[in-house]
Amino acid sequence: MIYCDIVIIGGGPAGLAAAISAKKNGIDSILILERDKELGGILNQCIHNGFGLHTFKEELTGPEYADRYIEQVKDLGIDYKLNTMVMEISSEKIVTAMNRVEGLFEIQAKAVILAMGCRERPRGALNIPGYRPAGIYSAGTAQRLVNIEGFMPGREIVILGSGDIGLIMARRMTLEGARVKLVAELMPYSGGLKRNIVQCLNDYDIPLKLSHTVVDIKGRERVEGVTIAEVDDKGKPIQGTEEFYSCDTLLLSVGLIPENELSRGMGVDINPVTSGPRVNESLETNIDGVFACGNVLHVHDLVDYVSEEAAAAGKNAADYVKGVILEKDAGQEVILKPDSGVRYTVPEKIRVSHMKENLTVRFRVGSVYKNCYIRVDFDGESVINKRRQIVAPGEMEDIKLTRDQLLQYPDLKTITLRIEEV
């Protein structure tokens with residue numbers, strides 16, 4: 001049995017930032033477990049720029065951004081194991097893992113930080129009719145093939161879903177010489193960042209068809225084409241709106257799911273909206289000393305926010321190991337309630353006695369709202385009203401709460417977040 005103060009599951013941007021933060025907050029016994037052959041996670045295949053504007057005040061590619069953190073991990077002497085698969089974590093924080101060198105081994109941790117990231121939704125969840133020919137890829141798989149393996153998936157492309165990876169791959173495939181016929185999106189709005197729609201579609205004259213989906217795939221051995229149809233407000237295809245596009249490749253960018261099989265196995269409560277753990281103000285789950293951050297907690301739009309959140313989780317895990325964070329039920333507890341257009345909040349509850357001076361509450365909305373207010377009520381009393389020209393599901397929102405603010409309401413039970421249209 002190996003003994004360790006903090007074990008971090010995942011060596012991507014969240015795991016790296018959490019490890020660095022824990023180390024800088026006085027914990028020396030830290031171990032990162034990463035299943036891939038190198039640290040950096042998904043950033044290694046994201047060779048486009050646009051990373052680091054918030055964190056480093058400059059524009060970096062994904063590998064450059066990851067390298068900044070990898071260098072810090074090495075400089076600080078933080079231990080990590082690569083090519084190591086975590087098989088199970090018990091509620092007593094015993095981590096069972098394996099690799100080719102050590103075989104199966106166990107680590108007893110005082111605190112665990114979950115930072116496993118997320119995965120793409122599989123095609124099977126979409127129920128697209130037709131055969132299952134070659135030429136159908138998730139956008140992330142295609143990104144890895146092009147950027148790391150040097151392999152072109154196809155020459156005539158249709159993309160289903162306007163998530164950020166799908167938008168970025170529309171541009172990437174175009175730059176590699178492929179012809180992207182269109183991007184079809186089931187929802188009446190894009191699931192990606194506004195800047196990606198402009199830079200990846202508009203700049204290359206790639207059409208985006210909202211409220212459209214793939215209803216049929218032609219081809220037995222290889223994709224020969226797809227049929228696109230408009231959908232109604234319930235997402236059902238409208239007869240008579242079908243259009244056929246010849247192509248040899250269909251890329252799917254239909255959402256991301258937090259990678260939480262290990263979390264569920266150890267008894268962590270999962271939020272059905274985010275598919276990530278329910279956490280308090282310290283990013284601590286319902287299991288003492290088990291923290292979560294990054295895309296395993298909820299899917300982020302910017303890696304800078306992942307790093308910021310992970311740094312908070314690392315500090316809180318360090319405080320837990322040092323005994324600064326005490327029993328869960330101490331003092332006043334406030335529930336955060338999403339309402340009227342707000343889909344979820346992270347965290348879901350706040351223990352005021354454990355709260356730092358400032359707390360960032362992140363959330364996403366369920367639709368596109370223009371000329372609206374983000375309203376925060378303390379037990380029905382309006383406390384914060386932020387006017388916004390537009391809020392959209394593709395971009396994460398946040399509000400700031402202060403400890404002093406909450407202490408002014410000693411009997412506070414519920415904080416409600418809602419969108420109020422003008």
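**Notes on the predicted model: surface patch, cores and backbone**

1. Met 85, Met 87, Met 98 and Leu 104 make a nonpolar surface patch of about 380 Å². Please keep in mind that this is a predicted model. Leu 104 belongs to strand E6, residues 103-114. Its relative accessible area is 60%, so Leu 104 counts as exposed, the cut-off for that class being over 50%.

2. Now to the inside. In soluble globular proteins, nonpolar side chains tend to be buried together. Here the largest nonpolar core has 67 residues. Those with the most contacts inside this core are Ile 6, Ile 8, Ile 9, Leu 33, Ile 89, Val 95 and Leu 114. Helix H7, residues 303-322, gives the most to the core, with eight residues.

3. Ile 8 deserves a look of its own. Which residues is Ile 8 in contact with, leaving aside its neighbours within four places in sequence? They are Gly 15, Ala 18, Ala 19, the run Ile 30, Leu 31, Ile 32 and Leu 33, and then Ile 113 and Ala 115. A second, separate core has 24 residues, including Val 334, Val 352, Leu 359 and Leu 401.

4. Back to helix H7, for a quick geometry check. At 1.5 Å a residue, its 20 residues should span 28 Å, and the end C-alpha atoms are 28 Å apart, so the two values agree. H7 is mostly covered, with 14 of its 20 residues buried. Gly 323 follows H7 and has a positive phi, near 85°.

5. Most residues other than glycine have a negative phi, and most peptide bonds are trans. Between Val 346 and Pro 347, the peptide bond is cis, with omega near 5°. Pro 347 sits in the loop between strand E19 (342-346) and strand E20 (349-351).

6. Lys 57 is not a glycine, yet its phi is positive, about 60°. You will find Lys 57 in the loop between strand E2 (30-33) and helix H2 (62-75). Is Lys 57 buried or exposed? With 67% relative accessibility, Lys 57 counts as exposed.

7. Asn 83 also belongs on the list, as a residue other than glycine with a positive phi, near 50°. The loop between strand E3 (79-81) and strand E4 (85-89) holds Asn 83. Its relative accessibility is 48%, so Asn 83 counts as partly exposed.

Note on methods
Residues numbered from 1 in each chain as written. Predicted model: local features only at pLDDT ≥ 70, side-chain atom pairs only at ≥ 80, totals over all residues. Heavy atoms only, no water. Core = buried A, V, L, I, M, F, W, Y, C linked by side-chain atoms within 4.5 Å. Buried < 20%, exposed > 50% of the residue type's maximum accessible area, 1.4 Å probe, protein only. Helix = DSSP H or I, 4+ residues; strand = E, 2+ residues; numbered from the N terminus. Contact = heavy atoms within 4.5 Å. Patch = residues over 30% accessible without salt bridge, like charges linked within 9 Å, V, L, I, M, F, W, Y side chains within 5 Å. Areas by Shrake-Rupley, 256 points an atom, 1.4 Å probe, with all protein chains shown as cover. Salt bridge = Lys/Arg side-chain N within 4 Å of Asp/Glu carboxyl O. Expected span 1.5 Å × (residues − 1).
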